[in-house]
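Please open the structure in your viewer and keep the sequence beside it. The tour below says what to select at each stop and what is to be found there.

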Amino acid sequence: MPIVFASAGSHAPGITAWAEAAPIEQKQRLYRAYDDVQAALAGSRPDVLILLTSEHWSNFFLDHIGAFCVGRAGHFDGPVEPWLKVPKSRVPGHPAFAAELIDALYASDFEPSFSHSMELDHGSMVPLHFLTPSMTTPVVPIMFNTLASPQPSARRCLAFGQAIGRFAERSQLRVALVATGGLSHDPGEKNHGVINPEFDRRFLGEMAAGQTDRLAAYSTADLMSQGAGTMELLSWVALAGAMQGRKGEIVAYEAVKPWGTGIGLICYPVGAAAA
Amino acid sequence: MSIYALQKLIRDVNRDPRLRESYFAGPEQFVTGYELTDAERSALLAVDLTRLYGLGVHGLLLKPFSILHSVPEPEYLAKIRESA
């Protein structure tokens with residue numbers, strides 16, 4: 001069955017934790033955009049949502065870290081952060097679908113880690129809070145290592161996303177895809193608070209145009225030059241791979257200084273994604 | 001890879017309430033459970049953010065650790081920007 005929904009968006013904790021610090025107009029535009037995307041997702045009636053995401057030392061540490069990890073648990077609790085101002089929730093998983101996905105990835109020459117126990121931090125809970133507020137849609141999170149060097153290349157992430165997309169389209173279930181992270185930001189590092197709207201708009205433009213060759217060409221140095229958190233855009237590149245060059249729509253972009261992050265939201269129209 | 005032990009200690013304090021309590025109750029005793037170099041132990045016990053960052057502690061570990069020590073964000077950024 002064709003993928004029924006696809007979207008990518010930022011997950012900066014300030015979006016919820018210190019929402020009122022942002023200029024009111026920026027906050028309202030972004031919240032309205034999230035509402036629009038939420039309505040589109042709900043209208044697509046997904047059976048399962050694959051969340052291409054990243055985390056912040058919540059589950060994985062340097063004692064054992066892999067490039068990608070598929071969550072195959074029956075549920076995932078989050079957020080880890082008590083201060084996030086997102087209600088504590090138990091997000092349902094989809095173990096059977098996750099197991100099929102892992103098998104399909106292995107058959108496509110990708111060998112992700114997998115986990116029966118995973119908590120969700122703001123990297124997953126901020127987007128889910130906006131997009132599936134009832135927390136009843138089964139979610140299969142795929143964590144990307146964006147923190148510890150070396151990270152997977154953008155080219156590898158594009159191919160990984162292509163494999164996910166092929167699997168999703170073979171599934172009998174109605175599959176939604178959501179990528180999260182970025183855009184330019186350098187959390188906790190020397191350029192904390194620095195945003196590069198020019199980079200952000202270029203990247204969003206390439207995503208919307210389905211320019212997979214350009215997206216795959218981003219090097220680790222290219223992304224790191226825009227801040228360590230910009231590595232999270234690897235999940236967006238994977239989404240572009242799953243979309244196989246289809247065009248998307250930039251729903252919103254705001255460089256929100258108090259949140260220290262360029263906040264972007266892109267959606268692939270259901271009709272186009274389902275075509 | 002001793003920086004691993006230093007980062008593990010900081011992550012433990014950030015993530016585990018019981019270990020956090022133990023750390024704040026007696027940092028000198030707490031650090032004996034980790035294989036730190038003299039420089040790492042010294043920087044940690046002094047909560048010297050400049051030296052800790054310079055030793056290679058990841059920003060997403062050090063920033064939450066600084067919050068536990070009630071370091072305001074502008075001071076945190078000033079300290080890490082002093083490192084080489």
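Which residues of α2(A) are buried? Select that helix and colour A:Gln26, A:Lys27, A:Leu30, A:Ala33, A:Tyr34, A:Val37 and A:Leu41, which are its buried residues, where buried means under 20% relative accessible area, exposed over 50% and partly exposed in between, with a 1.4 Å probe and protein chains only. Seen down the axis of α2(A), these buried residues fall within an arc of 130°, so they line one face of the helix; the arc is that of the directions from the helix axis to the C-beta atoms.

Before going further, note that this is a predicted model, in which local features need pLDDT of at least 70 and side-chain atom pairs count only at pLDDT 80 or more, while totals for chains, interfaces and linings use all residues, and side-chain values use heavy atoms, with hydrogens and water left out. Residues are numbered from 1 along each chain as its sequence is written, and chains are lettered from A and ligands numbered from 1 in the order in which they are written.

**Staying on the helix**

The 20 residues of α2(A) should span 28 Å at 1.5 Å a residue, and its end C-alpha atoms are 28 Å apart, which agrees; the expected span is 1.5 Å times one less than the number of residues. After the helix comes A:Arg45, whose phi is positive, near 50°. Helices (H or I, at least four residues) and strands (E, at least two) are DSSP runs, numbered from the N terminus.

**The sheet**

Next, select the strands of chain A in the order β6-β3-β7-β2-β8-β1-β10-β9, the order in which these eight form an open sheet with mixed pairing; two strands pair if DSSP finds at least two bridges between them. The edge strands, each pairing on one side only, are β6 (113–115) and β9 (249–256) of chain A. From one strand to the next the twist averages 15°. Helix α2 (residues 24–43) of chain A packs on this sheet, touching β1, β2, β8, β9 and β10 of chain A, contact being heavy atoms within 4.5 Å. The direction of α2 makes about 150° with that of β9(A); axes are lines fitted to C-alpha atoms, for helices over the stretch in contact, and angles run from 0 to 180 degrees between N-to-C directions. Another helix to show is α5 (residues 154–170) of chain A, which lies across β2, β3, β7 and β8 of chain A and runs at about 165° to β7(A).

**One strand in detail**

Now zoom in on β3 (residues 68–71) of chain A, which three bridges join to the antiparallel β7 (residues 139–144) of chain A, while β3(A) and β6(A) pair in the parallel sense, also over three bridges. A:Val70 stands opposite A:Ile142 in β7(A), and in β6(A) the bridge partner of A:Val70 is A:Phe114. A:Phe68 and A:Val70 point one way from β3(A), whereas A:Cys69 and A:Gly71 point the other way, and all are buried.

**Over to chain B**

Finally, select B:Gln7, which lies in helix α1 (residues 2–15) of chain B. At 6% relative accessibility, B:Gln7 counts as buried. Not counting residues up to four places away in sequence, B:Gln7 touches A:Phe61, A:Leu62, B:Gly56, B:Val57, B:His58 and B:Leu61.
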